[in-house]
Amino acid sequence: MVFRKPPDGGWGWVIVLVSFFTQFLCYGSPLAVGVLYLEWLDAFGEGKGKTAWVGSLANGIGLLASPVCSICVSSFGARPVAIFSGFMVAGGLMMSSFAPNIYFLYVSYGIVVGLGCGLLYTATVTITCQYFDKRRGLALGLISTGSSVGLFIYAALQRELIELYGLDGCLLIVGALSLNILACGSLMRPLESSGSPPPEKPCVDKVPEQYFVYHEKEKTVEENISILEKGYTDEKSVNNVPDCKQDSVLSKNVLSSINVNEKDTYKKKVVEQTNFCKQLAKRKWQLYLTYWKETMVLFKNKVFSALFVAILLFDIGGFPPSLLMEDVARSANINEDDYYMPLISIIGIMTTVGKLILGILADFKWVNTLYLYVTTLLMTGVALFAIPFAKSYLTLAMLSGILGFLTGNWSIFPYVTTKTVGIEKLTHAYGILMFFAGLGNSLGPPIVGWFYDWTQEYDTAFYFSGFCVLLGGFLLLLAALPCWNACTNPSSKLPPNTYSYKVASSA
């Protein structure tokens, strides 16, 4: 597919708008699952670690399947994938209202909803990057705020719906709202070049052409038969001499000739089909090897390798607060009457602010987005270390706001990835990175929950979370330092601000 130059406007702003609402509708409930988490603890009576798997799967399974999601978007386009995923998210939420146990929720809410969200996220990010170049940071920041606004609104909405209609009614209504994703997906018009040559036919479409020679041979046999019969009929009409015996012999000869030709043609077809299947299998195997070779080339870039470690550790440590902060407050015996706003809502609104501000900063030429991302990781680790010392609603609210703002670094992560590997390899590299991000999202909350089940307090869990995020930030900083590049590659003379991007883009 040949794309036009990104217009940085025009229909691109419609893409930004519908992508914003798509992420708002699909991620609102999974990100605000902390409200549902408390209800599921009371409804099913399972441990915190076991119950936390529901929310962690919903937020992690889509990222784990990012390579598959990337292939789907590349093969079918953003619009069909978005429409199909809308049905998945809505159906999964509605199915969850009938869950008889926690294991049913693992499938309906964790896998079905999570996979739908992953497909939608990949579709919105990919099509936005196609429509924007100079303003890509702003565009990605705007669409990524959709999930944060969804977190802010759905945290209060789901709590209100639970009080009015119960947990089951809440999930049914939220699932019905998610059907609006279908309208958003229908507006994701692909950016294609009007003068681009038509795509080459895949091998499967060319199969009939390979058998054309045999169709022609069959046609020749039929024509010869008709000509022979016609000549014989004309001869009989001229001579007017009936000869049944001669007619019978001629018919037998013709039929035997036809049978021989058909058998030969059939054998040739079988041989041709067998060879075609072998060639197709060989081609698929070559594509598979090419994919892994390209993956290995990406990992030869030390900045990309450090980036995947950092995103894994960041999601192990940085994601649990958005899921467990309400339970942290309840475990600290904070009176619900002191709540001015749900802590999850504070995280959501500050994540929106963080995504916008960090996205705008990423567009300034004097800002190195990789160092900006590292800064957010280090500050997140410090904030996680401070959570065990927060014993009042005010201090938890302040830390929730700080963590929410720093979590806004998701808006610049696609930007960092693009600058690191180039737009041509964005889909491939981003799928790999999102796989490790999903692994961290899936493991983080259950690990924190297990720490609580073992120790009956959250302090040790958040010390562990803070250590993970700090370790990932320091590793990424070490890989990006210009002095490290000079030690490992003395011939390199790239300026500090362009080191990571120039080296990585050649990978």
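Between which two domains does the largest cavity lie? Domain 1 (1-193) and domain 2 (301-485) both give residues to its lining, so the largest cavity lies between them. The domain bounds come from an automatic or database domain assignment.

Before you click on, a word about what you're looking at. This is a predicted model, in which local features need pLDDT of at least 70 and side-chain atom pairs count only at pLDDT 80 or more, while totals for chains, interfaces and linings use all residues. Residues are numbered from 1 along each chain as its sequence is written, and side-chain values use heavy atoms, with hydrogens and water left out.

**Stop 1: the whole chain**

Show the protein chain as a cartoon. There are 21 helices and 0 strands; helices (H or I, at least four residues) and strands (E, at least two) are DSSP runs, numbered from the N terminus. Of the 507 residues, 49% count as buried. Buried means under 20% relative accessible area, exposed means over 50%, and partly exposed is in between (1.4 Å probe, protein chains only). Now for contacts, meaning heavy atoms within 4.5 Å: among those between residues at least 6 apart in sequence, 84% join residues at least 24 apart.

**Stop 2: the largest cavity**

A search of the whole structure finds 3 cavities of 30 Å³ or more, and the largest has a volume of about 440 Å³. On a 1 Å grid over the protein atoms alone, a cavity is a set of points where a 1.4 Å probe fits but cannot get out, and lining residues have an atom within 4 Å of a point. Grid points are joined across faces, edges and corners, and a volume is the space filled by probe spheres set on the points.

Select Leu 31, Phe 319, Lys 355, Thr 407 and Trp 410: of the 24 residues that line the largest cavity, these are the closest to its centre. Next, colour the helices that give two or more residues to the lining, among them H1 (11-31), H3 (48-64) and H7 (136-178). H7 gives the most, with 4 residues. By class, the lining has 11 nonpolar, 11 polar and 2 charged residues. Here Ala, Val, Leu, Ile, Met, Phe, Trp, Tyr, Cys and Pro count as nonpolar, Asp, Glu, Lys and Arg as charged, and the others, Gly among them, as polar.

**Stop 3: Arg 136**

Stay on H7 and pick Arg 136, which lies in this helix. Arg 136 is buried, with a relative accessible area of 9%.

**Stop 4: Trp 53**

Head over to H3, where you'll find Trp 53. Trp 53 is partly exposed, at 23% relative accessible area. Leaving aside residues up to four places away in sequence, Trp 53 touches Tyr 106, Ser 442, Leu 443, Pro 446 and Trp 450.

**Stop 5: Thr 122**

Is Thr 122 buried or exposed? Thr 122 is buried, because its relative accessible area is 6%. Find Thr 122 in helix H6 (residues 102-131), then show Gly 118 too: its backbone oxygen lies 3.0 Å from a polar atom of the Thr 122 side chain.

**Stop 6: Gln 456**

Finish in the loop between H18 (426-455) and H19 (459-480), where Gln 456 lies. Gln 456 counts as exposed, at 51% relative accessibility. Gln 456 has a positive phi of about 60°, although it is not a glycine.

Note on methods
1 Å grid on protein atoms, 1.4 Å probe; cavity = no way out; pocket = protein on both sides within 12 Å on 5 of 7 lines; lining within 4 Å. Polar contact = N/O pair within 3.5 Å; in protein donor to acceptor, adjacent residues only side chain to side chain.
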